[in-house]
Amino acid sequence: MKRRKFIELTGLGIGGMLIPVIGNSIPITLAAEERLDASQKKKLADVALNAAKSMGATYADVRIGRYLNQFLTTRENKVQNIVNTESFGVGIRVIVNGTWGFASTNIVTEDAIKSTSQQAAAIAKANSKFQTEPVRLAPAKAHGEVIWKTPIEINPFSVPVSEKVDLLLRANAAALEKGANFISSNLFQVNEQKYFASTDGSYIDQDIHRIWPTFTVTTTDRNSGTFKTRQALSAPMGMGYEYMIPKAKDKVQGPEGITLYRNSYDLIEDSIAAAQQTKAMIGAKSVEPGKYDIILEPNHLGLTIHESVGHPLELDRVLGYEANYAGTSFATMDKWKAGNFNYGSKIVNIFADKTQPRSLGAAGYDDEGVKCRQWDLIKEGVLVNYQAIRDQAHILNQNESHGCCYAQSWSDVQFQRMPNVSLTPGKDKYTIDQMIRDVEKGIYIAGRGSYSIDQQRYNFQFGGTLFYEIKNGAIAGMLNDVAYQSNTQEFWNSCVKICDETDYRLFGSFFDGKGQPSQVSAVSHGSSTTRFNGINVINTARTI
Amino acid sequence: MSLYSKEEARQILEKVVKFSKADGCEVILTGAAIGNIRYARNSVSTAGENNDATLIVQSYFGKKSGTATINEFDDASLEKVVRMSEELATLAPENPEFMEPLPQQTYGESTTYAEATSKITPDFRANAAANSIKLARNKGVTAAGFLVDETSVAAMMNSKGLFAYNQSTNVTYTATMRTDDGTGSGWVTRDFNDVTKLDIGEASLVAIDKALHSRNAKAIEPGKYTVILEPAASAELLRNMLFNMNARPADEGRSFLSKKGGGTKLGEKIYDERINFYTDPTHSEVPAAPWTPDGQARKKMDIIRNGVVKNIFYDRYWASKKHVESVPFPGNAIMDGGSASLDDMIRDTKKGILVTRFWYIRTVDPQTLLYTGLTRDGTFYIENGKIKHPIKNFRFNESPVIMLNNLETLGKQVRVSAGGGGVNFFLPYMKIRDFTFTSLSDAI
């Protein structure tokens, strides 16, 4: 291991700022090594399954998980922290007397696994006394011994930390050079190594990767006492470090020189843009509240899809299982059964997909051993399906799970989680420029901002990162203090135009929360730039 | 094994520190045994127990530091995590803001542990759920609830000789009761260190009563209203305000506490003069660990007194740069209340709205601490001193700074968990004028 050198770089015009130079590749070898091979994991899994069966379990599954994270945190010219985390353990889920029980342990030995199985069975038995709806599992195919890996090109954990830190610090320096007062930047890297086995006869070994570079740039104006911030226009992705290497083909040109990103990201270019844009925000016009036609670009629209379509169509919410936390849903079973509930306009087609390449939710199999797939949720504006797992499929009179069961860790019980949920692009050729030209009074919104929605997913309010006023088919300048409020069904029925597939790209949510105890999951949402007519825009400026 | 005794924790930590080849290190050991039961649709849905322990090692060479964590405790794993943190530290550039660990500090007594909570069994949880479900069924409502109990230990040691240990218990119960016709919903929350203070039946009945009384809510126009906020409603807004009272962003001109032209609002009166906020780790209702995660001693301290900002939080680096004492982030927060009961407050209200809770609160503008969110699970219209009828839920856009200037009345205090952040609050019922509701929601 060689210590890195530091030199003073003046080429970027950053004066005396110290910027590290990339040293030799220093793999964190300990993070990359395998803990147990497949045969060892299979042996331990069988211990768990056999112990559960001997306790009267009619079904059992076991997940042996190793979860690796690396988080890099910087601000301005400083690295605040470099954190490697590792968590290893076993979670065992059983059905005894028609009731679920779950227990987990961080001690991965045959004895500990056996007693954890017994603990899970004892919990199931204790709860079965009060069980009124015995668990009914949809059949699942026995897959035998299979392997699935995120098809990454560069394993982020094998890239030298120095190289990653250097990139973050160069982006910080570039933003400061362009006049920003502050920037904090982060790089999150996640690797889930999980081995699943069940009494149905599946032994599934998966290796899943996710990555998220992000920053917040702040520009202050001491005279007016105001400050403006701008988040990165990156998306968290189910990719390797190749996402961090910018490619021209992945850049999408938005209005006013905004650059948007598809399957690779230019961190430095975006931090420079953020510095310039936050400067422009100070003194930009405060929005006049009222009705506008709004144009939402995918890095913004993804969050709106997530909140107003993804969550309300989770079957556990619809049925009331989330009533005490995340809430229930306006998209009740009677609306689905009617077969004609107009969730949106005719051009709205929304699908769920756990196989979408580069998406956060992509996997070969879900966390109860069901092969992942794609299915329709809204077809030509009509609600056609929900998201359901093995113990819910029968409620929809369907005979198989959709394959969207997930647990954030070996230590948490798996349950129904949102798959990637995406809006199908428009069929006809239609660009962002054409869309802006067709709007008389509107606002173009890019990037995610504030978001809030009620517990049945009717009423929502969203902010954004960048706002531009559109007057008579042209951009008329930057706006501040914009948020829009709407009702889910009204909103999707006001969807009048969607750009074509050349504009399609993914947005992601890295830390989507649900359940008690709360668990996070990561999920992507694809879309092209989309127009919604007559949306209520409020002004959020206040004086304190 | 996760609940290490003080001596066991000391032995593990001493071993880890001995492995260190860096200039120094700081090690934190946490362990927890967590049990939970979740029910919905008048039936148990999931239940589980989890035991886990984590070791966090931060190593440093000069001003270069790296952190690594692990949840295995054999000697090889302990050495591995030390080496990994050292490797990361070697890779890191110098951080001029790095602060060396503290030497041994003097801490107060801890009162965060209650033995009864540590002895909760799966049967206890199952019976609690059954009790709540039975009460719900008897009243024609559908119960959903969550009971979670945790026994935890935290210990830290560093190469400067500091050692700290704390043991803690907590139990949190929430329930949502929905009328079988789907037109009414009520909610309750209870949070204690000692489970013997928890009465599942009493709590369930509060939520059932709210559900039954919130059926067939009427819509009223959005606008500015006088509100009576239950402590569970104001908790998250006040937590968010507290979490934004850091000195550094205030000095940097990017906080609601930054002043036009530079400087901060420390020492200025920015709230109604009846607003008093303080922290006290020994408070009997909301005890907190006597030390912070970086080893500083927690002590009783004013945050807001008579509407004046008395203390904002300085981390050790910023304090050294500003030549002031560091002010660690508090482990609890207590807001002074008054003597009025909820009934008194309703009786004294000509026209207003009673809010059980807010939901999905998010920042709209960090400059003014403007937040949006919605009412949920029991919102009622008050007229001439009486609750007249339930009303449909509202979306609000409001700042806690504006809210605490529009204070009418302070009522009795209640312990509430403000939904994350590890800080428990003891907050009063509050009557606030001109609270801004901006749109209606059909959600029940």
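Trainee: Into which domains is chain B divided?

Mentor: Domain 1 of chain B covers 6-212 and domain 2 covers 217-444. These bounds come from an automatic or database domain assignment. The model is predicted: local features need pLDDT of at least 70 and side-chain atom pairs count only at pLDDT 80 or more, while totals for chains, interfaces and linings use all residues. Residues are numbered from 1 along each chain as its sequence is written, with chains lettered from A and ligands numbered from 1 in the order in which they are written.

Trainee: How far apart are the C-alpha centres of the two domains of chain B, and what makes up their contact?

Mentor: The centres lie 25 Å apart. The contact takes 29 residues from domain 1 of chain B and 23 residues from domain 2 of chain B; two residues are in contact if their C-beta atoms, placed from the backbone, lie within 7 Å. On the domain 1 side, β4 (141-158), β5 (163-179) and β6 (185-192) of chain B each supply at least two residues.

Trainee: What classes of residue does that side of domain 1 of chain B have?

Mentor: Ten are nonpolar, 16 polar and three charged. Ala, Val, Leu, Ile, Met, Phe, Trp, Tyr, Cys and Pro count as nonpolar, Asp, Glu, Lys and Arg as charged, and the others, Gly among them, as polar.

Trainee: How many helices and strands does chain B have, and why is chain B called as compact as a globular protein of its length?

Mentor: Chain B has ten helices and 17 strands, where helices (H or I, at least four residues) and strands (E, at least two) are DSSP runs numbered from the N terminus. Its radius of gyration is taken over C-alpha atoms, and the globule rule is 2.2 Å times the number of residues to the power 0.38. For 444 residues that rule gives 22 Å, and chain B has 24 Å, which is close, so chain B is as compact as a globular protein of that length.

Trainee: What share of chain B counts as buried?

Mentor: Of its 444 residues, 56%. A residue is buried if 20 or more other C-beta atoms lie within 10 Å of its own, exposed if 12 or fewer, and partly exposed in between, with C-beta atoms placed from the backbone.

Trainee: Which residues of chain A and chain B are in contact, by number?

Mentor: 75 residues of chain A are in contact with 83 residues of chain B. Strand β4 (residues 78-96) of chain A gives the largest share of the chain A side, twelve residues. That side divides into 32 nonpolar, 35 polar and eight charged residues.

Trainee: What makes β4(A) and strand β3 (residues 64-70) of chain B a pair?

Mentor: Two strands pair if DSSP finds at least two bridges between them. Two bridges join β4(A) to β3(B), and these strands run parallel. A:V83 has B:T67 as its bridge partner in β3(B).

Trainee: Why are β16 (382-383) and β19 (420-423) of chain A called edge strands?

Mentor: The open sheet has four strands in the order β16-β15-β14-β19 (chain A), with antiparallel pairing. β16(A) and β19(A) each pair on one side only. Within the sheet, β14 (residues 350-353) and β15 (residues 374-379) of chain A pair over four bridges in the antiparallel sense, and A:I350 has A:I378 as its bridge partner in β15(A).
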